[in-house]
Amino acid sequence: MKSTEAQTPAIQVLERSFAILDVLASHQDPVSLKQISETTGLHPSTAHRILNDLAIGRYVDRPEAGAYRLGMRLLELGNLVKARLDVRDAALEPMRELHKFTHQPVNLSVRQGDEIVYIERTYSERSGMQVVRAVGGRAPLHLTSVGKLFLASDDPQRVRAYATRTGLAGHTRNSLTDLAALEREMAMVRQRGVARDDEELELGVRCMAAGIYDDQGKLVAGLSISAPADRLEEAWLGRLKDTAAQISAALGYRG
């Protein structure tokens with residue numbers, strides 16, 4: 001176990017600066033010097049000196065005399081961090097853990113137009129299922145569990161436009177090729193927060209998927225488990241949702 005000393009800044013002024021920033025972050029409105037001092041336990045003169053230095057670096061703004069709030073420099077740095085966040089990087093280790101739990105292929109997919117694209121997959125040969133959709137492969141939205149998540153996030157007009165463009169072509173006897181049936185499916189996806197593919201893309205293969213969201217609450221990817229039709233277990237659903245939530249949190253989602 002790490003010691004407390006290893007978890008706190010070695011330089012005292014940094015520790016005090018972090019404490020002040022945390023106080024400011026916990027308030028929407030500007031915070032008075034008195035309140036900052038009382039909350040952090042710092043002497044007012046010490047807090048004032050640190051706040052002045054933070055203001056010089058634009059980490060803190062002073063909208064009025066004696067009151068402070070977080071500065072624009074933090075927003076600039078936050079945007080840099082956000083730009084470097086990659087859903088694949090955030091997902092890879094949680095996907096491996098989910099695969100160890102299920103021993104079935106775990107897929108990470110994103111939307112590109114009217115299709116999903118598989119950008120990562122974790123699987124083993126002993127899963128007992130031939131992996132047909134390789135990384136970089138594509139599939140229609142309405143035939144896949146992840147694709148259904150993205151369609152369910154669209155408004156009804158967009159779903160109808162998708163149906164018109166694609167003709168809802170099917171791949172198997174289970175494919176949803178009727179708009180009314182697809183709309184009923186979308187309603188269930190919205191209600192349950194997860195989506196399924198019941199041998200609609202490939203016979204003998206079933207999938208379940210949960211969404212991955214960014215810091216703005218936007219659906220940016222989907223995480224799915226694929227398995228032979230007779231091996232997909234309902235008990236995996238909770239673990240799948242937890243894993244998708246873990247990845248979303250790594251991307252800044254706080255829903």
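Which residue of β9 does Y213 stand opposite? Y213 faces L219.

1. Basis. This is a predicted model, in which local features need pLDDT of at least 70, side-chain atom pairs count only at pLDDT 80 or more, and totals for chains, interfaces and linings use all residues. Residues are numbered from 1 along each chain as its sequence is written, and side-chain values use heavy atoms, with hydrogens and water left out.

2. Sheet. Six strands make up an open sheet with antiparallel pairing, in the order β6-β5-β4-β9-β8-β7. At its edges are β6 (138-140) and β7, each pairing on one side only. On average, neighbouring strands are turned by 30° against each other, direction ignored. Between β8 and β9 the antiparallel pairing runs over nine bridges. Strands (E, at least two residues) and helices (H or I, at least four residues) are DSSP runs numbered from the N terminus; two strands pair if DSSP finds at least two bridges between them.

3. Helices on the sheet. Helix α7 packs on the sheet and touches β4 (106-112), β5 (115-122), β7, β8 and β9, its direction making about 145° with that of β9. Helix α10 (residues 236-250) also packs there, touching β7, β8 and β9, at about 30° to the direction of β8. Contact means heavy atoms within 4.5 Å. Axes are lines fitted to C-alpha atoms, for helices over the stretch in contact, and angles run from 0 to 180 degrees between N-to-C directions.

4. S226. This residue belongs to strand β9 (residues 219-228). S226 counts as buried because its relative accessible area is 6%; buried means under 20%, exposed over 50%, and partly exposed in between (1.4 Å probe, protein chains only). The side chains of S226 and N107 make a polar contact of 2.8 Å. Such a contact is a pair of N or O atoms within 3.5 Å; within protein, one must be able to donate a hydrogen and the other to accept it, and residues adjacent in sequence count only if both atoms are side-chain atoms.

5. Salt bridges. There are 15 salt bridges, each a side-chain nitrogen of Lys or Arg within 4 Å of a carboxyl oxygen of Asp or Glu. One joins K148 and E200 at 2.7 Å, N to O. This pair links distant parts of the chain, 52 residues apart: K148 is in helix α7 (residues 145-153), E200 in the loop between β7 (194-198) and β8 (205-213). Both K148 and E200 are buried.

6. Helix α6. K100 and E97 form a salt bridge at 3.3 Å, N to O. Both lie in helix α6 (residues 87-102), three residues apart, about one turn of the helix. K100 counts as exposed because its relative accessibility is 53%.
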